[in-house]
Amino acid sequence: MAVDLPENVFMTQLDAAANWARSNSLWPMPFATACCGIELMATGASRHDIARFGAEVMRFSPRQCDLLIVAGRVVMKMLPVLQRIWLQMPEPKWCISMGACACTGGVFDTYAVVQGVDRFIPVDLYVPGCPPRPEQLLRGLIELQDKIKKTGTFTGHEFGKRTLPEGPLPMAADEIRRSKQEQLLFQADEQ
Amino acid sequence: MTIEEQLVQKFGANAFEFSQFRDNHRAVVAIDCLLSVLTFLKNDAGFDQLSDITAVDYLDFPDAVDRFGVVYILLNTQTGERLIVKTFVNDPHPEVPSVFSLWRGADWLEREVFDMFGISFKGHPDLRRILMPEEFTAFPLRKDYPLRGRGERHNFPVITRAES
Ligand code: SF4
């Protein structure tokens, strides 16, 4: 039996409606630790105007955000903070790793800098560049919206399937070997 | 009287090794008389500001005798004179007297040198790491510390998407 709907009522799927709403109101948590943060601010400012994509509501409390933008290098001392912020964000949430440093450690392959945040938190989208232009970040945002529209579900059960670490191993095989050697040398020195 | 002459008059010529480049005066002193020299410079010669304390690791440095050099950069705010005082310490337990009692600003500077080089400062009230995390075990600016660390930066739990 066909139901006669008034003209201002639309039929859609629940998933699609949720995705539409979520993807157009991403509230970013700006985790700006270095120079990429400046570019992130430029993206928010009037010339590039991230508000055109509904993501202008930068919140400085993780409880109110659903998009973590890691902009800049993360050092050892900061990583526990980043992880805690990620865990404090309510579902559904996404993460953009912005810039060479956040993605891979960039040129800062030193004792203190984490070589890519994806080793320790799940990342949905990488924006390369040093720093990425605001256009690049906006492009990333659009891609993320696309991803949400294509794969998102109302209940968010697609997140529950990602049970494995997605980044590179925290330590590649040669790093493990090297660090063990160093540790032995260090212990020998100590004695 | 120049600052060099004052120092020689007070401590004798053997205690120092002076050098100079333009208006950059340097004095190398032995570790034993470091504290008395610095006390004299602060109280009698008018070097009322301690600009910086830093250190150098001379491991494998050509012709170097001692392992670490500790450098004090002093400023006389009345005359604008600067003096660089340097002393040497060695393994296995490099230790210099703290100058916290002379300049309160030495607090964090000494903690930084301790953090990066593992040189301890005798008499410092609160000698903890200042930059590196508390659980860090090594001293990263020593020359025998590897460029990429000993794996400290990988000791974190990995959070997967399902559990977050
Ligand atoms: S990627 Fe480049 S611009 Fe971004 S934080 Fe690293 S060094 Fe700075």
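**Exercise 1.** With which residue does E91(A) form a salt bridge, and how far apart are the closest N and O atoms?

*Conventions.* The model is predicted, so local features need pLDDT of at least 70 and side-chain atom pairs count only at pLDDT 80 or more, whereas totals for chains, interfaces and linings use all residues. Residues are numbered from 1 along each chain as its sequence is written, chains are lettered from A and ligands numbered from 1 in the order in which they are written, and side-chain values use heavy atoms, with hydrogens and water left out.

*Solution.* Step 1: apply the criterion, namely a side-chain nitrogen of Lys or Arg within 4 Å of a carboxyl oxygen of Asp or Glu. Step 2: E91(A) pairs with R161(B), and the closest N and O atoms are 3.0 Å apart. Step 3: the rule finds one salt bridge across the interface of chain A and chain B.

**Exercise 2.** Describe the interface of chain A and chain B by area and by residues.

*Solution.* Step 1: the two chains bury about 2,900 Å² between them, 60% of it on carbon and sulfur atoms; buried area is the accessible area (1.4 Å probe) that two parts lose on being put together, summed over both. Step 2: M76(A), Y111(A) and F120(A) supply 26% of the area that chain A buries against chain B, more than any other three residues. Step 3: the contact (heavy atoms within 4.5 Å) takes 36 residues from chain A and 29 residues from chain B.

**Exercise 3.** Summarise the architecture of chain B.

*Solution.* Step 1: chain B has three helices and seven strands, in the order α-β-β-α-β-β-β-β-α-β along the sequence. Step 2: its C-alpha trace spans about 75 × 35 × 30 Å along the principal axes. Step 3: of the 164 residues in chain B, 46% are buried; buried means under 20% relative accessible area, exposed over 50% and partly exposed in between (1.4 Å probe, protein chains only).

**Exercise 4.** Are R129(B) and D115(B) buried or exposed, and which parts of chain B does the pair tie together?

*Solution.* Step 1: R129(B) forms a salt bridge with D115(B), the closest N and O atoms being 2.5 Å apart. Step 2: R129(B) lies in the segment after β7 (120–122) and D115(B) in helix α3 (residues 106–117), so the pair ties together parts that are 14 residues apart in sequence. Step 3: both residues are buried. Step 4: for another salt bridge in chain B, take D126(B) and R128(B), at 3.0 Å from N to O; D126(B) is partly exposed at 31% relative accessible area, and R128(B) is partly exposed at 39%.

Methods: Helix = DSSP H or I, 4+ residues; strand = E, 2+ residues; numbered from the N terminus.
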